[in-house]
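Hi there,

Here is the structure I promised to pass on. Have a look at it first, and my notes follow below.

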Amino acid sequence: MSTNPKLQAWVEDMRAMCRPERVVWCDGSAAEYQEMLRLMVHAGTALWLDEKKRPGSVFVRSDPADVARVEEFTFICSKSRDEAGPTNNWRDPEETRVMMRGLYDGAMQGRAMYVIPYSMGPIGSSISRIGVELTDSPYVVASMHVMARVGSPVLKALGSSDDFVRGVHSVGAPLSSATVPDSPWPCNASSKFITHFPDTREIWSYGSGYGGNALLGKKCHALRIASVQARDEGWLAEHMLILKLTDPKGQVAYVAGAFPSACGKTNLAMLNPTLPGWKVQTIGDDIAWMKFGADGRLYAINPEAGFFGVAPGTSMKSNPNAMATIARGTVFTNCALTRDGDVWWEEMSEAPAALTDWLRRPWTPQSGRKAAHPNARFCVPASQCPVIAPEWEDPNGVPISAILFGGRRANTVPLVNEALSWQHGTFLGSIMSSETTAAAAGTVGALRHDPMAMLPFCGYHMGDYFAHWLKLGAGADASKLPRIFHVNWFRKDANGKFLWPGYGENSRVLKWVFERVHGTAAAVDTPIGRLPAPGALDLSGLQVPEGAVEELLRVDLDLWTQELPAIKTHFDKFGAKMPQGLRDELASLEQRLASANATA
Ligand code: GTP
Ligand code: SPV
Ligand code: MN
């Protein structure tokens with residue numbers, strides 16, 4: 001329980017509105033975490049996995065109506081539609097409050113309302129921020145324990161301050177009494193609203209218990225609300241991994257990377273380099289908060305404390321470090337269950353002869369459908385990662401030398417391309433397109449512009465967001481700014497097969513990036529930017545089909561020229577807020593393509 005009068009008054013208001021059976025102030029203890037797991041098992045939400053195979057771990061299956069972020073029902077309720085911009089769903093803040101109050105009226109009946117004080121970032125770091133989430137979901141309490149620093153130490157750090165983000169979350173499934181049996185995954189199948197009030201730093205979420213819809217510290221706070229604070233205060237809140245790269249001589253560079261949802265951040269952050277002597281260690285796998293330090297360099301912290309990672313595709317071959325991380329003490333959601341009480345998902349290993357799929361049905365390799373949901377996830381403390389960098393909780397953050405932007409593109413975008421400048425790099429981020437994935441409800445595989453991988457996460461007008469990037473670059477010492485690169489692990493051949501083996505082999509690209517930062521690798525100028533000069537990309541020992549590397553590094557003038565009208569339409573959406581600097585970059589690209597086409 002807190003003695004902060006502002007916090008107490010708000011909790012009391014929300015209690016009166018949601019009318020829970022009782023209010024529980026979370027202390028963040030290990031015992032509290034275990035109690036949440038026990039409650040989930042008792043309610044049928046979770047099963048204990050086999051204690052020998054997966055110690056201290058539970059298996060959860062959600063409702064098929066609640067399996068991913070719901071972008072369609074995610075709203076930015078700024079004062080005007082224009083402040084939210086053309087890429088966000090906007091709702092009037094006052095009307096939305098009235099609507100949400102209606103939904104929240106008695107929504108927690110028969111349930112406990114948990115009060116979770118949390119810190120995004122190490123407690124005590126000047127970059128960290130505090131929030132309080134109210135929720136009626138034990139699954140959310142357990143997950144927040146893993147994903148953030150929670151409980152009494154946070155209340156102590158908050159003291160009597162009013163400076164905290166206020167988050168309300170309800171699964172939207174009141175119980176007539178605390179003694180009636182609950183459904184295994186309570187949610188509201190027909191009504192979901194994930195609403196943000198950037199002006200008052202509030203988040204009101206209703207109807208979903210899954211991931212970014214419900215763990216409010218993550219996307220809602222650390223990206224949507226934080227991006228607004230970052231704009232106001234001169235820093236960056238980004239959908240980026242952070243990794244520490246060490247070369248064979250022991251020299252270090254820190255790299256941040258923005259890839260859209262389910263496009264490779266966790267995998268890159270933990271990769272095992274195939275190049276001898278190189279080392280990658282993890283700082284973060286999803287979000288970076290970056291601020292300029294007194295020395296003029298850009299420093300990043302990982303505001304999270306855990307990984308909420310995509311399970312399918314994770315294997316000893318693709319990501320052994322993730323496999324080691326999740327060997328114990330993990331909450332798994334929407335995977336398949338083996339006969340001997342362990343989890344399984346596509347590509348983890350050869351498919352077992354018989355499983356129970358995520359929808360509780362018998363499954364065999366002949367079933368002709370996936371056993372795990374494509375957005376099945378593991379939730380695990382970052383501290384369990386065998387390659388977590390010792391400085392991952394440094395309150396000062398780590399100095400970033402390079403920023404990667406990487407979409408999922410079957411064609412056009414080469415394996416790696418270095419920007420000519422910060423402004424050009426901002427341009428490359430702003431025109432990034434990527435195929436949609438199962439991380440969000442809706443169509444998978446549809447190509448869309450996803451600037452800086454922030455399309456679903458920027459809490460204000462994307463034109464202003466671009467301007468913010470340019471302003472930060474213009475105000476900095478250019479020699480100390482991170483270099484910016486555009487990468488693409490997902491280019492396909494004519495048969496639809498990935499041209500690049502990816503995963504550990506991405507270390508070859510990281511090496512070139514490292515050497516560009518240190519001024520030791522050669523590049524060639526192309527109309528779209530700087531690509532590795534012949535021989536500059538280390539291909540020693542790489543097994544790929546004849547011609548694959550040439551294709552991966554080919555700048556297809558025709559495809560890039562065809563891309564221009566779509567980029568123009570994309571920029572035009574932002575109207576007068578589209579910064580001139582990026583329009584200039586587009587004009588220069590067009591010119592460079594035209595002269596290259598003329599000489600080709
Ligand atoms: P979010 O947690 O949704 O933000 O995703 P993320 O960016 O961390 O994506 P993640 O690393 O979990 O990868 C998502 C999917 O992409 C998984 O199925 C991976 O197996 C696959 N993937 C990751 N890296 C590569 C790569 O280098 N090549 C290929 N072909 N697939 C990859
Ligand atoms: C993403 O979709 O980018 C995620 C998963 O990291 S969620 O937390 O559900 O947003
Ligand atoms: Mn993400």
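**What surrounds ligand 1**

Ligand 1 is surrounded by 22 residues, and the closest are A262, K265, N267, R377 and Y503 (a residue is near a molecule if one of its heavy atoms lies within 4 Å of it). This is a predicted model, where local features need pLDDT of at least 70 and side-chain atom pairs count only at pLDDT 80 or more, while totals for chains, interfaces and linings use all residues. Residues are numbered from 1 along each chain as its sequence is written, chains are lettered from A and ligands numbered from 1 in the order in which they are written, and side-chain values use heavy atoms, with hydrogens and water left out.

A polar backbone atom of P312 is 3.0 Å from an oxygen atom of the ligand, and for N506 a side-chain N or O atom is 3.0 Å from a ligand oxygen. On its own, ligand 1 exposes 660 Å², of which the protein buries 92% (accessible areas by the Shrake-Rupley method with a 1.4 Å probe).

Enjoy exploring!

Note on methods: Polar contact = N/O pair within 3.5 Å; in protein donor to acceptor, adjacent residues only side chain to side chain.
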